[in-house]
Structure formats: structure tokens, C-alpha cells
Amino acid sequence: MKLADFKTYKLELFFFSILVVLSYALFSGNDSGTGTESMNNYFWVPSTVMQSIAAVYAVFIAIFALSLQRNLDSIHSIANRLKPPLKIVSYTAVGSIYLNGLMLIIFSLHSPSELKIELMLFTSLLSLVASLIAIVYLSMEMLSDVSGLKTSSEKFTYLTNLLRELEGWSSSGQMELSPGDMELCVQGLEDEKPEVRIAAAQLLGWLGDEQAVDALLRKLADKNPRVREAAVEALGRVGDENIVAELIGCLEDKNKGLRLQAVRALSRLGDERAVDPLVKKLEDKAPEVQAAAAEALGNLKSQDSMDVLLKKLEESPMAGAPTEFQVQVLTALGKIGDEKALAAILSRLDSPYPDIRKHAAEALGNLRDEKAVPHLVKKLADISPEVRNASVYALGNLGDERAVSPLLRMLEEPDPELRITAVYALGNLRAPQAISPLINMLDDDNPWVRKCTAEALGKIGDIKATDPLVKNLDDPDSNVRWAAAEALRMLDKRDLRKDSNGNL
């Protein structure tokens with residue numbers, strides 16, 4: 001239970017009861033007399049305690065006044081919230097001053113026993129501790145109460161709940177924070193707990209509000225490395241081109257995590273000024289940073305990085321165990337799309353490692369060079385299902401009719417994932433000879449195959465698929481029914497264009 005939860009009347013009864021007990025205990029059993037000489041060694045303690053309590057109490061009153069001044073628009077309600085902690089501190093301070101003043105009187109008029117002196121001195125110091133705890137604790141509670149939240153843990157809970165809610169809306173982008181929540185996020189960057197600062201930075205990153213850039217930039221000097229990483233990631237999401245120089249500077253930080261986040265942030269920003277610094281990060285001592293740099297260069301589609309990436313690919317032995325760096329270099333070369341990379345990527349189709357062959361096939365699909373078609377057709381017989389799947393997908397992206405017959409044979413694969421990819425690829429090719437085999441696939445025992453088949457038939461747009469698609473409107477799977485309805489809508493739209501123009 002918190003100190004401010006005490007009922008006022010209970011506090012008052014407790015306070016006066018303690019005063020009566022203390023007064024009786026301190027006066028009883030003492031010998032009268034000046035006792036000046038014996039008391040000189042102890043007289044200063046209660047006096048010092050009283051002065052200390054008076055000083056910290058003055059500080060508390062100043063905090064109370066400042067708290068009210070920050071909320072002039074709601075002074076009445078704020079004052080009502082702050083009265084309980086003020087009363088508790090007032091009672092504690094007055095009680096401690098009374099106790100120590102009473103001890104001064106006893107020391108002046110009586111000569112207590114040594115045991116009683118020790119007890120009184122201990123009680124005096126204990127009263128100081130109680131006053132300090134009450135004043136410090138309730139001062140922090142008072143200020144946090146004025147700001148709307150009690151503690152750092154409550155701020156963390158509130159911010160993480162907002163973050164989860166925002167992530168849930170990320171696909172539609174319909175959620176916006178209130179001005180109060182935005183202010184809380186910015187204030188959270190200065191919280192004493194690193195978890196709160198991290199959550200605030202992540203939330204500001206998801207919001208992408210450029211007004212938070214300056215506050216996030218200040219966190220690049222935070223003493224906690226995880227906070228700096230969160231700030232860099234958030235800056236990358238905000239997307240302000242004016243922060244590119246600061247992010248490039250972070251690439252040389254001694255903290256591996258910060259360098260990694262800086263690479264990813266520069267990748268999101270897509271600014272060409274980052275190309276040369278990212279090329280240098282291909283030599284970073286951390287493998288994770290190297291791989292991220294290769295991925296970033298691919299996302300930037302920088303022709304200037306082609307030669308370096310090709311060199312890095314050649315430095316990686318084909319027989320060596322695949323690494324994330326090799327994979328990202330292959331992927332980057334495919335995304336950049338320069339035909340100079342064709343030979344190097346084709347050679348990786350013969351790697352002894354399935355993961356390298358798979359990503360080489362994916363890269364060839366992105367490269368969109370028709371010279372790769374015969375090589376990818378050969379990979380349809382690869383022993384690895386993942387390599388076969390990637391090759392099918394790549395052939396669908398290349399759009400070459402030479403791939404139609406081999407892809408039709410893939411419809412007989414026992415693996416449903418391979419059948420799904422083959423259906424997708426044939427739909428992209430829009431080959432007339434694929435209509436009948438695809439219509440047969442509408443009766444496949446896997447609902448995802450039936451769904452993708454309906455979508456492919458809608459892409460091809462042949463009216464021969466109308467009746468079979470109508471039958472699939474009664475499919476037990478709702479996704480299949482929806483795909484069939486959408487495919488029929490596309491066929492009707494295509495048929496209307498033919499009727500009005502006389503041709504397609």
C-alpha cells in the first residue's frame with residue numbers, strides 16, 4: 001500500500017497517539033537536574049535533526065508549489081490529488097521536529113540513564129530517516145502524478161501497450177497518437193530507466209514523426225548501448241534525409257549492435273550518400289554487419305557497388321560452408337540487376353550447398369535475364385525441394401515460354417508447396433496450354449493449391465475456366481471460394497472489354 005493511500009482521520013489519530021506515547025516515554029523515569037555536563041556530548045544530535053528536517057521540508061513545499069504551477073488550467077483537481085501526500089509529509093516532519101524538540105527539553109532539565117540516552121538518540125536518527133523517506137518518495141510520486149503516470153514501470157507498461165496497438169494497426173496506418181501521448185513518448189526518452197527510453201524510441205520510430213528527430217538524435221549519446229541502438233533504428237523509420245550524416249557516423253561506433261542498426265537504418269532511408277560508407281562495411285569485423293551491409297547495397301540497387309560485391313562473391317569459395325554474407329551478396333547482385341553478375345550467379349547453381357543454390361536461383365529470378373532459363377530448368381530436378389521451389393518461382397518471374405512445359409510437369413509434384421509455386425509461375429506466364437492442366441488443379445486435395453489455381457486462372461483470363469471456377473464457389477474452404485469469386489470477376493471484366501471493342 002502506498003503512503004498516500006492512508007485515510008486522513010486514521011493518520012491524525014495515529015499522529016496524536018504517537019505524540020502522547022513519546023511524551024510519556026521520554027519524561028518518565030528521569031532524574032531532575034541540569035545535567036549540563038553529561039548532556040553536552042549528545043545535545044547537538046536532535047538540534048541537527050530538526051534543522052535537517054526543516055530544510056528538506058522546505059524543499060518539499062517548493063516541489064508542491066511548482067507542481068501546481070505546471071497545471072494552472074486544472075488547479076483545483078491537481079491540488080486535491082496533491083493534498084494527501086502533502087499532509088503525510090507535514091505530519092511526518094512536524095512529528096520528527098516535535099520529538100527532537102522534546103529531547104532537547106529533556107536534555108536541558110533531566111539526566112536520563114545511558115540506556116535511555118542511546119534509545120533517544122536512535123529514535124532521533126530514526127525520525128530523520130522516516131522524514132527523508134516520506135519526503136523523497138512522495139515528492140517523486142507527486143511529480144509523476146502531475147505528469148499523469150506514477151512510476152517508470154507504469155510508463156513502460158503504457159508505452160509498450162501503445163507500441164503493440166500501433167503494430168496491430170501498421171498494415172492500415174490508421175492509428176495516430178494524441179498530443180499527450182506524443183509528449184509522453186518524448187519525455188520517456190529522458191526517463192531514468194533504459195527500458196522506458198527504449199520503448200519510447202521504438203514507439204516514435206513506428207510513428208515516423210519528424211518532430212521527434214531532434215529528441216532521438218540526442219539519444220545517440222545515451223550511456224546505455226541498447227538505447228542508442230533503439231534510437232538509430234527509430235531514426236531509420238522516421239526517414240528524415242537530414243540525419244544521413246549522423247547515421248553514417250554511427251557506422252564507426254565500437255558497439256557492434258549500433259553499427260548493425262545504423263546499416264539497417266541507412267538501408268531504409270535509401271540515400272545514395274550511404275553507398276560508399278556501406279561498401280566499407282563489407283569489411284567490418286562483425287559478420288552480421290557485413291551481411292547487413294550487403295543486403296543494404298542490394299536494397300539501394302547501387303550500380304557503384306557491383307564490382308565490390310562481385311569481388312566478395314569470388315572471394316567466397318564455392319565449396320565453403322554457406323554464410324549469411326554469401327547469401328546476402330547473391331541476393332544483392334540479383335536486386336541490382338546488372339548482367340555483369342550473370343556468370344557469377346550461374347556458377348553458384350552448382351554449389352554443393354542447397355542454401356547457396358536456392359539463393360542463386362532466387363537472384364536469377366530477380367536479375368530477369370533470359371539466358372538463365374535453361375540453367376533454372378535443370379534445377380527443377382535438384383535433389384533439394386527448396387532449390388526446385390526457388391527455380392520454379394524464378395522461371396515464373398522471367399516470363400519465358402520455354403519454361404511452360406517443365407513447369408507443367410511440376411504440377412505432379414507430391415509436395416504441395418511445389419505445386420503451389422508451379423501454379424503461381426504458370427499464372428505469371430499466362431500460357432494458353434496451361435489452362436486445362438490448371439483447371440484440373442481446381443480439384444487438388446490441398447485448399448491452398450485450389451486457391452492459388454483460381455488466382456492463376458483469373459490472371460490468364462480464359463473463359464474456358466468459368467464453369468470450373470463456378471463449381472469452386474461451393475468449396476468447403478472460404479479462401480478458395482473467395483479466390484474463385486475474384487477470378488470470375490476478372491473473367492467477366494475481360495469479357496466485357498472484348499464485347500465492347502471486338503477484341504481483347
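1. Let's start with K451, which sits in helix α24 (residues 447-460); helices here are DSSP runs of H or I with at least four residues, strands are runs of E with at least two, and both are numbered from the N terminus. K451 counts as buried at 15% relative accessibility, where buried means under 20% relative accessible area, exposed means over 50%, and partly exposed lies in between (1.4 Å probe, protein chains only). The side chain of K451 makes a polar contact with the side chain of E455, at 2.7 Å. A polar contact is a pair of N or O atoms within 3.5 Å; within protein, one must be able to donate a hydrogen and the other to accept it, and residues adjacent in sequence count only if both atoms are side-chain atoms. Not counting residues up to four places away in sequence, K451 touches N479, V480 and A483, a contact being heavy atoms within 4.5 Å.

2. A word on what you are looking at. This is a predicted model, in which local features need pLDDT of at least 70 and side-chain atom pairs count only at pLDDT 80 or more, while totals for chains, interfaces and linings use all residues. Residues are numbered from 1 along each chain as its sequence is written, and side-chain values use heavy atoms, with hydrogens and water left out.

3. Now the overall picture. The protein has 26 helices and two strands. Of its 504 residues, 48% are buried. Among contacts with a separation of 6 or more, 68% are between residues 24 or more positions apart.

4. How many disulfides does a search of the whole structure find? The search finds zero, taking a disulfide as a pair of cysteine sulfur atoms within 2.5 Å.

5. Buried positions in α18 include I356, H359, A363 and L367. The buried residues of α18 pack against α16 (324-336), α17 (342-347), α19 (373-378) and α20 (385-398). Just after α18, R368 takes a positive phi of about 60°.

6. Next comes D369, in the loop between α18 and α19. Is D369 buried or exposed? At 11% relative accessibility, D369 counts as buried. A polar atom of the D369 side chain lies 2.9 Å from the backbone nitrogen of K371. Leaving out residues up to four places away in sequence, D369 touches E339, L342, L364 and L398.

7. Helix α22 has 14 residues and reaches 20 Å from its first C-alpha to its last, close to the 20 Å expected at 1.5 Å a residue. D415 caps the N-terminal end of α22, with a side-chain oxygen 3.0 Å from the backbone nitrogen of E417. Among the buried residues of α22 are L418, A422, L426 and L429. The buried residues of α22 pack against α20, α21, α23 (435-441) and α24. After α22 comes R430, whose phi is positive, near 55°.

8. V404 brings us to helix α21 (residues 404-409). V404 is buried, with a relative accessible area of 1%. Setting aside neighbours within four places in sequence, V404 is in contact with L426, L429, A431 and Q433. The C-alpha atoms of V404 and L429 are separated by 7.5 Å, although these residues are 25 apart along the chain.

9. Finally, the structure holds one aromatic pair. Y393 and Y424 form this pair, which is stacked, at 5.1 Å centre to centre with 10° between the planes. Because Y393 lies in helix α20 and Y424 in helix α22 (residues 416-429), the pair ties together parts that are 31 residues apart in sequence. Rings of Phe, Tyr and Trp (its six-membered ring) pair if their centres lie within 6.5 Å; planes under 30 degrees apart count as stacked, over 60 as edge-to-face and the rest as tilted. Y393 is partly exposed at 40% relative accessible area, and Y424 is partly exposed at 27%.

Notes
Expected span 1.5 Å × (residues − 1).
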